[in-house]
Amino acid sequence: MKKIILGISSSISAYKTCDLSRLFVKDGYSVYCVLTENATHLVTPLTLQTLTGNPVYTTSFAAQWKEMGHIELKQDAALYLVAPATANIIGKFANGIADDLVSTTYLSVECPVMMAPAMNPNMWSHVAVQENVKRLKKRGVHFVEPESGLVACGDEGSGRLASIDEIYRMAKDVVEG
Ligand SMILES: Cc1cc2nc3c(=O)[nH]c(=O)nc-3n(C[C@H](O)[C@H](O)[C@H](O)COP(=O)(O)O)c2cc1C
């Protein structure tokens, strides 16, 4: 059973990741969710734990770990997929910042990494975000490009999370080669 680490950061689109986790589970993958602390305001660890049948992690500093969290998680992982990826988490990955479990896990994994950004169109087109994305792509991080359309805040443009089906398809391509 292939293992997917599913990182979730605090975009309003985080609720869609519940469906994404179900697709992986239905297809026989074991899914371990890692949430930023901010993401726990938008989607509950209990929901994801129920859907995936696995513990959900939000911090490195918990008694549940046998080893250090980021080390335990990375073992045998086939993919580290961050969906949705906020501007903030993209910035942390690009700059080697490791101040929470989602960003620390990025530095520790040996498997392929994929990000599905989701944010307001102004944020997505900001030069700081685009430079960070470019940097990560250069390093081999896979990106599921966001879609154009109406975003949750009412603005229109590019930045909406790609469809769950598209993220799933691209993730599977990477995992299955
Ligand atoms: C309701 C709500 C929705 C948000 N949606 C997004 C989003 O779609 N994309 C994004 O980059 N930031 C979004 N933010 C801002 C992030 O939550 C904020 O930058 C946060 O510091 C990111 O933390 P994290 O990356 O650790 O989850 C949203 C904030 C709130 C309150």
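This is a predicted model: local features need pLDDT of at least 70, side-chain atom pairs count only at pLDDT 80 or more; totals for chains, interfaces and linings use all residues.
Residue numbers start at 1 in each chain and follow the sequence as written. Local features need pLDDT of at least 70 and side-chain atom pairs count only at pLDDT 80 or more, while totals for chains, interfaces and linings use all residues.

**View 1. The shell around the ligand.** Here 15 residues surround the ligand, and the closest are S10, S11, T36, T86 and M119. (A residue gets into the shell if its C-beta atom, placed from the backbone, lies within 6 Å of the molecule.) Helix 4 (residues 87-95) gives the largest share, 3 residues. Helices (H or I, at least four residues) and strands (E, at least two) are DSSP runs, numbered from the N terminus. Sorted by class, the shell holds 7 nonpolar, 8 polar and no charged residues. (Ala, Val, Leu, Ile, Met, Phe, Trp, Tyr, Cys and Pro count as nonpolar; Asp, Glu, Lys and Arg as charged; the others, Gly among them, as polar.)

View 2. Strand 6 (residues 147-150) pairs with strand 7 (residues 156-160) in the antiparallel sense, over 4 bridges; pairing takes at least two DSSP bridges. G149 sits opposite G157 of strand 7. There are 5 residues between the strands, and in this hairpin G154 has a positive phi near 100 degrees.

View 3. Helix 7 covers residues 127-138, and at 1.5 Å a residue its 12 residues should span 16 Å, which agrees with end C-alpha atoms 16 Å apart. (The expected span is 1.5 Å times one less than the number of residues.) V129, N132, V133 and L136 are buried. Seen down the axis of helix 7, the buried residues fall within an arc of 100 degrees, so they line one face; the arc is taken from the directions from the helix axis to the C-beta atoms. On the other side, V127, Q130, E131, K134 and K138 are exposed. (Buried means 20 or more other C-beta atoms within 10 Å of the residue's own, exposed 12 or fewer, partly exposed in between, with C-beta atoms placed from the backbone.) The buried residues pack against helix 4, helix 6 (121-125) and strand 5 (142-143). After helix 7 comes G140, with a positive phi near 100 degrees.

**View 4. I167 and its contacts.** I167 belongs to helix 8 (residues 164-176). I167 is buried, with 22 other C-beta atoms within 10 Å. Leaving out residues up to four places away in sequence, I167 touches L20, A83, A116, V144 and A162; contact means C-beta atoms, placed from the backbone, within 7 Å. V144 is 23 residues from I167 along the chain, and their C-alpha atoms are separated by 6.3 Å.

Methods: Two residues are in contact if their C-beta atoms, placed from the backbone, lie within 7 Å.
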